Amino acid sequence: MTDRPEVAVAAGATLGEGPVWDPAARRLLWVDILSAEVHAFDPSAGADDVVWRTGQHVGAVRPRAGGGLVVNLRDGVGLYEPDGAFRWLAERPEEGVRGNDAAVGPDGAFWAGTMRYDEGEGGGRLRRVHPDGRVEDVLDAVTISNGLGWSPDRRFMYYIDTPTGRVDVFDCEPGTFEPRNRRPFAHVPPPGSPDGLTVDADGCVWVAVWGGGRVVRHTPSGRVDRIVEIPAERTTACAFGGTDLRDLYVTTASVGTPSGTPHAGSLFVVPDAGRGLASPAFPG
């Protein structure tokens, strides 16, 4: 199979991240963390718009079931209504800390990671924020809480703390989805470090490699069976989109790259790359 990444949007994002397909609006949502922007890309029109400027760094976005968005911000998790009105769901400011990658879990909660701006060891955590605003710490003393996702049968949760250089897997407690028995699933060798991930309908785990210019697919056993080279060194995250969830979208960053680097910060698409899983909307 020959993968041919295409530039979907020459966005020049400072730190593009967190792509997710919004099936209700038929668009791809993604964020530029350091520009404090939430973007929406309409593949049918080829148009990318900034739909919200959040006023503080935004690590991730997900659609809400009733319309609007849930966002993982510097100071906590917030909600946007369809008309743009904002309110905090769980405001938890910490000095020197911001929100990073996040996802809606099979329990309906928003699993939101954090990290220190200085990337200090053990300064981040993974929280589970329920639709009613209750907050539970799932993991503490992580460094850069990054990609997470669940297997199609919801028995396993995959998670990346970037400086470890690996993807970990947890068993999910039936009914509660509490993660147990953390263990290595796959190691990501240099060049680069694991960043965001997505799980496809076959249970394979796709990992964007920061500093490696590639997305790597691991089989459910952890074996690498596919590498997609991306013409931008700082690949950050990936997600399947399109009406049939067959196109792989990849976000990238321009931060820290030489001025004028081609394609840095672009949103890429790999047409007909596989079969994605629908990402649940947040019920809150």
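Phe86 is partly exposed, because its relative accessible area of 34% falls between the 20% and 50% cut-offs. Keep in mind that you're looking at a predicted model.

**Aromatic rings**

- Trp88 sits in the partly exposed class too, with a relative accessible area of 27%.
- The count of aromatic pairs comes to eight.
- One of them joins Phe86 and Trp88: the ring centres are 5.2 Å apart and the planes stand at 80 degrees, so this pair is edge-to-face.
- Why does that angle decide the label? Planes over 60 degrees apart count as edge-to-face, and here the angle is 80 degrees.
- Trp111 and Trp150 also make an edge-to-face pair, since their planes are at 75 degrees, with 5.3 Å between the ring centres.
- Trp111 belongs to strand S11 (residues 110-116) and Trp150 to strand S14, so their pairing ties together parts that are 39 residues apart in sequence.
- Are these two tryptophans buried or exposed? Trp111 is buried, at 0% relative accessible area, and Trp150 is buried as well, at 10%.
- Which residues make up an aromatic cluster? Trp52, Tyr80, Phe86 and Trp88 form one.

**The largest pocket**

- This pocket has a volume of about 590 Å³.
- Its lining consists of 30 residues, and Trp150, Leu277, Ala278, Ser279 and Pro280 are the closest to the centre.
- Strands S2 (16-22), S10 (97-104), S14 (145-150), S18 (193-199) and S22 (235-241) are the elements that give two or more residues to the lining.
- Sorted by class, the lining has 20 nonpolar, seven polar and three charged residues.

- How many residues line it? There are 17, and Leu15, Arg98, Met115, Glu119 and Trp210 lie nearest the centre.
- S10 and S18 each supply at least two of the lining residues.
- By class, you'll find nine nonpolar, four polar and four charged residues in this lining.

**Thr236**

- You'll find Thr236 in strand S22.
- With a relative accessible area of 0%, Thr236 is under the 20% cut-off and therefore counts as buried.
- A polar atom of the Thr236 side chain lies 2.6 Å from the backbone oxygen of Gly16.
- Leaving out neighbours within four places in sequence, Thr236 is in contact with Leu15, Gly16, Glu17, Asp195, Gly196, Ala208, Trp210, Thr251, Thr252 and Ala253.
- Two of those contacts, Leu15 and Trp210, are also among the residues that lie nearest the centre of the second largest pocket.

**Pro271**

- Pro271 is placed in the segment after strand S24 (267-270).
- Its relative accessibility is 38%, so Pro271 counts as partly exposed.
- Which residues does Pro271 touch, not counting those up to four places away in sequence? They are Arg4, Glu6, Arg246 and Asp247.
- Pro271 and Glu6 are 265 residues apart in sequence, while their C-alpha atoms are 8.1 Å apart in space.

Definitions and conventions
Residues numbered from 1 in each chain as written. Predicted model: local features only at pLDDT ≥ 70, side-chain atom pairs only at ≥ 80, totals over all residues. Heavy atoms only, no water. 1 Å grid on protein atoms, 1.4 Å probe; cavity = no way out; pocket = protein on both sides within 12 Å on 5 of 7 lines; lining within 4 Å. Points joined across faces, edges and corners; volume = space filled by probe spheres on them. Helix = DSSP H or I, 4+ residues; strand = E, 2+ residues; numbered from the N terminus. Nonpolar A, V, L, I, M, F, W, Y, C, P; charged D, E, K, R; others polar. Phe/Tyr/Trp six-rings, centres within 6.5 Å; stacked < 30°, edge-to-face > 60°. Buried < 20%, exposed > 50% of the residue type's maximum accessible area, 1.4 Å probe, protein only. Polar contact = N/O pair within 3.5 Å; in protein donor to acceptor, adjacent residues only side chain to side chain. Contact = heavy atoms within 4.5 Å.
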